[in-house]
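Let's walk through a ligand site and then a pocket. Have the model open as you read.

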Amino acid sequence: MTGADFDHEELVVRHGERSGATMAVAIHSTALGPALGGLRLWHYESDADGIADVLRLASGMTMKAAAAGLDLGGGKGLICSPATAATLSWTLRREMLLDFGDLVESLGGRYITAEDVGTSAEDMATVAERTANVTGLPKSNGGAGDPSPFTAIGVEAAMRACVESRFGSRELRGLGAVVVGLGHVGARLAMRMRAAGARLVVSDTDPRKRDLAQRLGAGWVEPGEAIKVECDVLAPCAMGGAIGEASADRVRAQIICGAANNQLADDRLAARLDQRGVLYAPDFIANAGGLINVYREVRGYDEDRALAMAMDIEQTMRQVLAASEARSMTPLAAATELARERLDLVVRN
Ligand code: NAI
C-alpha cells in the first residue's frame, strides 16, 4: 500500500473479541452522509491484502454514491476470514459477524454496513444483534432483502446506454455477450440478458454453474479464456481486478459493462482500453443498483422507487458517455468528474 492510497477519513482495524479474526472498517468520506458500504467476508492471502482491498473499495463507494445522487458517503467493511467459504464453521462465522457488529456500533453511525461478497441478508440479521447501523436485512426482519436483483437491473440499464452509444440502438436482442461470474448478480444479469434476446457465453470458477449455463442455452468458457472471446459485451461479475495490464490488450469485446467492483486492476487501464476502441463502462456507475436499494431501505423502503432509481442508471450512463465524447476523455474520467462535481458542491457549501 502506498501513502497516496490513503485519503480516507478513518481506518479502524481490530481483532474480534470472540473470534480473534482481523476485521476493519474503512470510512473514505462522510461529506454527503454516513458512509455506507457492504461487509466483505473473504479468505485473503494476508491481512495486508484485505486492508488494501477495503481501502480501495471504500473510495469506490464514495464515487458510487456521489454519482448516483445519493446522500451517502463511502465506506466498506471487511472480515479476513481464517477459513475459506467451504471450510468456515457456523460458530466462527457467527462470532465474526457479532464482533463486526460491535465494531460498527463503536463508530456511532458514521458507517452503515450491508451485505457484499461473502455475506448475505441473513448475515446482516446477525450483525443487527449488535448494532442498528445495518441495512440489506431480510424481508422477515423488516428489510428489503437481497440487493443483488437491483444491481443486475442497474447493470442491464447501463449496458443499454453503452450499446446505444456503440451500435445506435439500446436493444440487446442478437448481441453476443459474455458474463463472467454467475453469482448473485451475474446469474440474474445473465437471465435478464437471455430474456432480452442476447446470445450468451458464460463462465465461472465453480463448475456447478454449468447447470445454469445449460438452462440458459448459453455457451461455457473457462474463466481464463473468457476475456479473449470476441463479443459485443463482456460483463465482469466476479471479483475485482479482472482486467489487468495483459488482459487489457487481449480483450476482444466492443463494450465492457459488468457488476464487479474495481474491474480494472489500475484505473490507468481505462485509457488503454479507450485507445483500443473498447468502451469501458465505469463500474461504480453500472453497479449502483444494489446501493440504491439499501439506501432506500435506510430512508423508508419503497420498492417501486428503488426500481425506478436503478433503471435511471441508463440515463446516468448516457450522461457520462455524452460528457466523455464531448470532452474527449474516457468514460471513467467523465464519471469521476460527475462524482467529484457533486462532492465539491457539498464541500463548498
Ligand atoms: P457472488 O459471490 O455471489 O458471485 C461471484 C461469482 O463469481 C461466484 O459464482 C464465483 O464462483 C465466481 N467467481 C469468482 N472468481 C471468479 C473468476 N476468477 N472467474 C469466474 N468466476 C469467478 O458475488 P455477487 O454478489 O454476485 O457480486 C459479484 C461482483 O459484483 C463483486 O465484485 C461485487 O463486489 C460486485 N457487486 C455486487 C453487488 C451486489 O448487489 N451483490 C453490488 C455492487 C457490486
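Start at S148, where a polar side-chain atom sits 3.3 Å from a nitrogen atom of the ligand; a polar contact here is a pair of N or O atoms within 3.5 Å. On its own the ligand exposes 830 Å², and the protein buries 80% of that (Shrake-Rupley areas with a 1.4 Å probe).

A quick word on ground rules: this is a predicted model, with local features needing pLDDT of at least 70, side-chain atom pairs counting only at pLDDT 80 or more, and totals for chains, interfaces and linings using all residues. Residues are numbered from 1 along each chain as its sequence is written, and side-chain values use heavy atoms, with hydrogens and water left out.

Now zoom out to the shell. Of the 24 residues around the ligand, R40, T151, H184, D204 and A238 come nearest, where being near takes a heavy atom within 4 Å. By class, the shell has 10 nonpolar, 8 polar and 6 charged residues. Domain 1 (3-58 + 73-141) and domain 2 (148-288 + 316-339) both contribute to this shell, so the ligand lies between them; the bounds come from an automatic or database domain assignment.

What is the volume of the second largest pocket? It is about 770 Å³. Of its 31 lining residues, R56, S59, G60, M63 and D267 are the closest to its centre. For the cut-offs: on a 1 Å grid over the protein atoms alone, a pocket is an open set of points with protein on both sides within 12 Å along at least five of seven lines, a 1.4 Å probe is used, and lining residues have an atom within 4 Å of a point. The largest share of the lining, 10 residues, comes from α1 (helices are DSSP runs of H or I, at least four residues).

Note on methods. Points joined across faces, edges and corners; volume = space filled by probe spheres on them. Helix = DSSP H or I, 4+ residues; strand = E, 2+ residues; numbered from the N terminus. Polar contact = N/O pair within 3.5 Å; in protein donor to acceptor, adjacent residues only side chain to side chain. Nonpolar A, V, L, I, M, F, W, Y, C, P; charged D, E, K, R; others polar.
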